Amino acid sequence: MAGPVLYSTNSWIAHEFATRYRGGSHFVWCSEHYDPHSAPAGSAAAAIAPSSSPKGIYDTLRGDCDREDRHSSLIRGYRKTFLRLAKTWLADKSISKQQYDEIVSTVKSNSWRIWRPVLFVIPEEPVRSRIVHVAHPGRAGYGPEMQIHDLKSTEFDVIVL
Amino acid sequence: MIRFDGISSFDPVSAAGILARASMHLDDDANPAGEGRVAGEAEIRDRIMRQLRAFLGVRESDTSEHTRALLVDALDEAAEELLSPTDEQATLASLSNKGELPSDLYLVVLDSAVQEYLGSHFESESILVRQTVQSPDREQHFNAGADGEQGATDVKNTLISLFSRFFLSKFPARSFTLLVTGQRYGMTMRVVQALRIYSDVVDLNGTKDLLDMLQRFTNRFGTDVAINDSKPSAFLVSEHTPDADNKLSWDFAIQKSEAKGDRIWVSQFGGRLPGQNAFKAITTAINLDKYLRFVGSRGWEIR
């Protein structure tokens with residue numbers, strides 16, 4: 001069973017798009033450990049891959065934004081994901097062509113500000129029934145990783161560290 | 001450019017969706033957004049992948065990272081080509097109208113009035129102004145709305161943006177919040193005010209928004225003005241209608257002057273309500289010399 005609080009690092013623009021275009025419904029990867037690498041050696045948390053660590057993602061993303069790293073693999077990945085998501089949302093008619101253009105223009109722009117990290121702090125109990133425990137092949141490492149597919153804006157706090 | 005048989009019966013938007021989901025699934029099969037949405041999409045996806053591998057000369061058994069990346073990029077490119085191109089500049093300008101443009105995309109220019117009062121401090125202060133606009137702690141935007149939508153605050157339908165950023169000095173009394181007010185013109189932010197707010201003289205506790213912050217500043221450094229028949233205040237929200245020649249006019253009557261000879265800086269910004277002739281404005285009247293004396297006493301440097 002997950003701890004009482006879950007943590008999820010996301011780009012600011014992911015939060016903004018979910019608010020603007022998805023009715024406040026967020027898809028998040030989350031973990032009950034903000035910094036798995038401070039967990040005792042041999043524990044399940046310590047087996048969480050760095051690329052799945054909320055702290056690891058936060059620090060990497062903040063560094064990439066501060067240094068305006070054009071080769072940031074995280075930002076490159078996010079950009080591609082949003083371009084694909086925008087197409088699927090346009091195809092299922094959950095967004096208009098104007099909204100599709102807004103998403104495309106924003107993620108393709110020169111803004112670094114949109115990629116800055118924000119931390120979601122999610123009380124576990126209200127979302128417990130909707131936590132998806134990701135099976136091993138889908139995880140980056142051996143440690144536990146979770147998803148919530150429809151996290152509402154009212155179910156978490158947004159923190160900038 | 002490969003033409004996929006499996007999606008030839010779909011309209012371009014639906015076909016792009018199928019390709020995008022195939023790309024997402026291949027890139028990260030744990031992402032539910034990559035799951036099929038249309039009937040028979042799994043079979044369609046299989047056909048697409050076989051055709052793509054054949055086109056790229058990649059064996060079915062090749063599951064290397066390099067090949068996976070190649071396939072994903074090809075799917076993304078094919079999906080992109082199915083849709084009409086986005087006019088990114090026009091879309092970004094539209095986002096600016098709505099107050100939704102990322103602030104670090106603005107070209108920041110300082111109004112001549114701001115340049116004048118900053119004088120010899122213009123160069124150093126304009127760096128702080130640009131930092132504040134492009135990386136604010138807080139921002140607030142008033143917009144003209146789309147198709148007659150109303151803005152989110154009491155001051156509606158004006159293309160005004162406010163930004164604030166805290167600048168820390170090793171000397172606490174020199175730390176301040178810079179409050180910048182700008183008027184948006186497309187991708188340009190014309191700064192009409194840039195005010196240092198020191199929290200020991202202007203109480204910022206419980207500030208509900210940046211307009212509130214500006215009003216608190218004018219409570220300390222403002223001087224009352226009246227516009228036409230309005231009640232005198234250092235911070236006014238007013239509505240004006242152009243005359244028959246489409247000209248706006250109002251008389252400022254300065255009610256108080258704390259020190260003889262002090263310059264009173266009346267700053268007004270606003271815009272027209274969509275579909276209406278009225279002009280809504282925020283007017284602030286600041287005792288400029290009182291403010292500048294105060295900033296001078298704290299020191300312009302923030303080291």
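This is a predicted model: local features need pLDDT of at least 70, side-chain atom pairs count only at pLDDT 80 or more; totals for chains, interfaces and linings use all residues.
## Basis of the values

Local features require pLDDT of at least 70 and side-chain atom pairs pLDDT 80 or more, whereas totals for chains, interfaces and linings use all residues; side-chain values rest on heavy atoms, with hydrogens and water left out. Residues are numbered from 1 along each chain as its sequence is written, and chains are lettered from A, and ligands numbered from 1, in the order in which they are written.

## Extent of the interface

On the chain B side, 41 residues are in contact with 30 residues of chain A (contact means heavy atoms within 4.5 Å). About 2,700 Å² is buried between the two chains, and carbon and sulfur atoms give 55% of this area. Buried area is the accessible area (1.4 Å probe) that two parts lose on being put together, summed over both.

## Polar and charged pairs

A salt bridge is a side-chain nitrogen of Lys or Arg within 4 Å of a carboxyl oxygen of Asp or Glu. One of these links B:D73 to A:K80, with the closest N and O atoms 3.1 Å apart; this pair runs from helix 3 of chain B to helix 3 (residues 73-91) of chain A. Another joins A:R20 and B:E100, whose closest N and O atoms lie 3.6 Å apart.

Between chain B and chain A there are also 16 residue pairs in polar contact, both residues being at pLDDT 80 or more. A polar contact is a pair of N or O atoms within 3.5 Å; within protein, one must be able to donate a hydrogen and the other to accept it, and residues adjacent in sequence count only if both atoms are side-chain atoms.

## The chain B surface that touches chain A

Helix 1 (12-27), helix 3 (65-82) and helix 4 (88-97) of chain B each give two or more residues to this side. Helix 1 supplies the largest share, nine residues. Helices (H or I, at least four residues) and strands (E, at least two) are DSSP runs, numbered from the N terminus.

## The sheet of chain B

Chain B has an open sheet of five strands in the order 1-5-4-3-2, with mixed pairing; two strands pair if DSSP finds at least two bridges between them. Strand 1 (107-110) and strand 2 (138-142) are the edge strands, each pairing on one side only.

Strand 2 pairs with strand 3 (residues 160-167) in the antiparallel sense over five bridges. B:H141 has B:S161, in strand 3, as its bridge partner.
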